[in-house]
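Hi,

Here is the structure we talked about. Please look it over before reading my notes below.

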Amino acid sequence: MGRCSICGRPAAFAAEDGPLCAKHFTEWFEKRVRETILKYRMAEPGMRLCVGFSGGKDSTVLLTVLAKLLPETELIAVTVDEGISGYRDDTIAEAKRTVQALGVEHRILSFPGFCGKTLDELLEKHPEGACSVCGTLRRRILNTAAREMDADRIATGHCLDDEAQSIVMNYLRGDITRVTGQFNSNSADFFIPRIKPLCRSTERSVVAYGLVNKLLRPLHECPYTKYALRRDVRTWLGEQEYEHPGTLLKIAEGQEELLSRIQEKKEPKMLLHPCEICGEPTGNRICAACEKLNKILNE
Ligand code: SF4
């Protein structure tokens, strides 16, 4: 990977604008999260944040960075134990270790406490629906917990990869409500607003931050992952990002622009007029065909 582009020490991470050593990568990562929090006005001093905290890599990095970046914000970590044998016990042990190190209040809630059954029991007949059942119940438990603790926001560890995957999955499922963000108009009365401070950080950088700062230990994958549509979308998008860097960000920013146009009912402002070269219609001074031909012929 070479040397850090800032100080010349051995590099630990290849950022878009050059390799970085552990120290400068940590600063770069935290700066990106801070900018995301500020840009989307996710938190203010004095707020109480309910942090969805599974003990996995994303939420461990999230809680650690929030504790560092938001010293004047009250953090309460909430772990939901779905009851997945051979998986969740290990992540809960990690979760306890992390909150102890950070000195953050920790609450553990469970599926049996909510509905009397573990996820394993609920899925006995139809394990293929695991993630849908799991996600729905987990969101419910987290929202109720956040309301009861009078939290201002629920913070989750979704990173840029998760965001892009969800957007693509909404299209694959034909879920127009989610694609257009047109939920019930009074949903804010019932749901605590969610924030995703890692939503502009790639999974690769989240994992690197966790490793460089010695926050992570190897954990098993959830046994139900094999049924998840997300797994296939993740593989495909990972290939696209590798071949065409920036794809994940374009998907996330494209969706953001779509939602803002829908919310503001923005009409496209672009008017067509004749291309200065060929006279065919274009929104720019020169049409795309002439621009491309010019570029190729003048190379
Ligand atoms: Fe739940 Fe699916 Fe994640 Fe497993 S992979 S924890 S079943 S959402």
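Two strands count as paired if DSSP finds at least two bridges between them. Keep in mind that this is a predicted model.

Strands first. β4 (residues 74-81) and β5 (residues 105-110) run parallel and are joined by 6 bridges. Within this pair, Thr 79 stands opposite Ile 108 of β5.

Now the ligand. Which residues are around it? They are Cys 131, Cys 134, Arg 138, Cys 222, Tyr 224 and Thr 225. This shell splits into 4 nonpolar residues, 1 polar and 1 charged. Cys 222, one of the shell residues, is buried because its relative accessibility is 18%, under the 20% cut-off.

Next, the cysteines. A disulfide is a covalent bond between the sulfur atoms of two cysteines. How many does the structure hold? The count is 0. Take Cys 199 as a case. The closest cysteine sulfur to its own is in Cys 159, 9.7 Å away, so the gap is too far for a bond. The cut-off for a disulfide is 2.5 Å. Cys 199 is also buried, with a relative accessible area of 7%.

Last, a threonine. Thr 180 sits in helix α8 (residues 176-180). Is Thr 180 buried or exposed? Its relative accessibility is 15%, so Thr 180 counts as buried. The Thr 180 side chain reaches the backbone oxygen of Ile 176 at 2.6 Å.

Best wishes

Methods: Residues are numbered from 1 along each chain as its sequence is written. This is a predicted model: local features need pLDDT of at least 70, side-chain atom pairs count only at pLDDT 80 or more; totals for chains, interfaces and linings use all residues. Side-chain values use heavy atoms; hydrogens and water are left out. A residue is near a molecule or strand if one of its heavy atoms lies within 4 Å of it. Ala, Val, Leu, Ile, Met, Phe, Trp, Tyr, Cys and Pro count as nonpolar, Asp, Glu, Lys and Arg as charged, and the others, Gly among them, as polar. Buried means under 20% relative accessible area, exposed over 50%, partly exposed in between (1.4 Å probe, protein chains only). Helices (H or I, at least four residues) and strands (E, at least two) are DSSP runs, numbered from the N terminus. A polar contact is a pair of N or O atoms within 3.5 Å; within protein, one must be able to donate a hydrogen and the other to accept it, and residues adjacent in sequence count only if both atoms are side-chain atoms.
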